[in-house]
Amino acid sequence: MEVQVERLAGEEAGIVLLGLDRPSAKNALGRQLLTEFRAALGALRDDPAVRVLVVHSRVPGVFCSGADLKERAGMSPEEAVVFVEGLRAAFSELGDLPMPTIAAIDGAAFGGGLELALAADLRVAGAGAKMGLVETSLAILPGAGGTQRLPRLIGASRAKELIFTARRIGAEEASRLGLVNRVVAAGRALESALALAREILPNGPVALRAAKRAVDQGIQLDLASGLALEQACYAQVIPTKDRLEGLAAFRDKRKPEYRGE
């Protein structure tokens, strides 16, 4: 198996780890890994027990080196197009998950590996991480969402500079650009991502999913339309048992117990 899914238990129940595990190729995105990755996302998508998903690497020193270029070299142009369409669909499936997602980046995240991380809601990087959309150095362009997600995250001009130059940047520069949310000591990205997941975990799962939808869809709308979307999302939480539990817990000065209902 090149993708491992681990469900945490006890006080961390609701946090799920999705680990890339292809050490022989530095987690390069080949057909098998992509198939397993999409299957895992499909199984997790509609599972109400999944409250936060953390994508990470089980291979020391690398997050994901990008597309498997050795495998790609043996593809016909038609096969290459289909494969890239599969990558784009996989990362869209990650981005469209209803629950919050976090990418823990330690080591290299290049090309498709960075595009994968960009599809997560939040990114935590170890100090030794290196990342970049390097496709133009191979006479191609980021084709799995990079030309769309990176500008939305850091602005068009900065994204163009990184894409046009194929520059590889470190974690601190990525943080300054707004590409990652947190930078921690090398080798501690997963630990920090889990700490962030634990901060998210106690909050109302229905509210978290509604808030994610409001931000993700609203950012593409004009303000008036975005506010209407926010109102529609807010309406979804009004009839929930969790909302009443939150009010009762506040009144009783106790920790709420949300059930996603």
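Strands here are DSSP runs marked E of at least two residues, numbered from the N terminus. With that in hand, open the model, which is a predicted one, and let's walk through it.

**Stop 1: Arg123**

Select strand β7, residues 122-126, and pick out Arg123 within it. This arginine is buried but has no salt bridge. Which side chain of opposite charge is nearest to Arg123? That is Asp121, at 7.2 Å. A salt bridge would need a side-chain nitrogen of Lys or Arg within 4 Å of a carboxyl oxygen of Asp or Glu. Now look at where the Arg123 side chain does go: it reaches the backbone oxygen of Leu179 at 2.8 Å. Show the surroundings too. Leaving out neighbours within four places in sequence, the contacts of Arg123 include Ala103, Ile105, Leu153 and Val180.

**Stop 2: Asp121 and its partner**

Stay with Asp121 for a moment. Its side chain meets that of Lys212 in a salt bridge, 2.9 Å from N to O. Asp121 sits in the loop between α4 (112-118) and β7, while Lys212 belongs to helix α9 (residues 205-218), so this pair ties together parts that are 91 residues apart in sequence. Are the two partners buried or exposed? Asp121 counts as partly exposed because its relative accessibility is 24%, whereas Lys212, at 10%, is buried.

**Stop 3**

Select Asp21 and Arg58 next: their closest N and O atoms are 3.5 Å apart. The two come from distant parts of the chain, with Asp21 in the loop between β2 and α1 and Arg58 in the loop between β3 (52-57) and β4 (62-64), 37 residues apart. Arg58 is partly exposed, at 43% relative accessibility.

Then move to Arg38 and Glu93, another salt bridge, where the closest N and O atoms are 2.5 Å apart. Arg38 is part of helix α1 and Glu93 part of helix α3 (residues 77-95), so the bridge ties together parts 55 residues apart in sequence. Arg38 is partly exposed at 31% relative accessibility, and Glu93 is also partly exposed, at 27%.

To finish this stop, select Glu245, Arg251, Asp252 and Arg254, which are linked in a network of salt bridges.

**Stop 3: two residues with positive phi**

Go to the loop between β2 (15-20) and α1 (31-45) and select Lys26. Its phi is near 55 degrees, a positive value in a residue other than glycine. Asn27 lies in the loop between β2 and α1 as well, and its phi, near 60 degrees, is likewise positive in a residue other than glycine. Which way does accessibility go for each? Lys26 counts as exposed because its relative accessibility is 54%, while Asn27, at 0%, counts as buried.

**Stop 4**

From Lys26, find Leu69: the two are 43 residues apart in sequence and 12 Å apart in space, C-alpha to C-alpha. Leu69 is in helix α2 (residues 69-73). Ile140 comes from the loop between β8 (130-132) and α5 (146-154). How accessible are Leu69 and Ile140? Leu69 is partly exposed, with a relative accessible area of 43%, and Ile140 counts as partly exposed at 38%.

Key:
Residues numbered from 1 in each chain as written. Predicted model: local features only at pLDDT ≥ 70, side-chain atom pairs only at ≥ 80, totals over all residues. Heavy atoms only, no water. Helix = DSSP H or I, 4+ residues; strand = E, 2+ residues; numbered from the N terminus. Buried < 20%, exposed > 50% of the residue type's maximum accessible area, 1.4 Å probe, protein only. Lys, Arg positive; Asp, Glu negative; His and termini not counted. Polar contact = N/O pair within 3.5 Å; in protein donor to acceptor, adjacent residues only side chain to side chain. Contact = heavy atoms within 4.5 Å.
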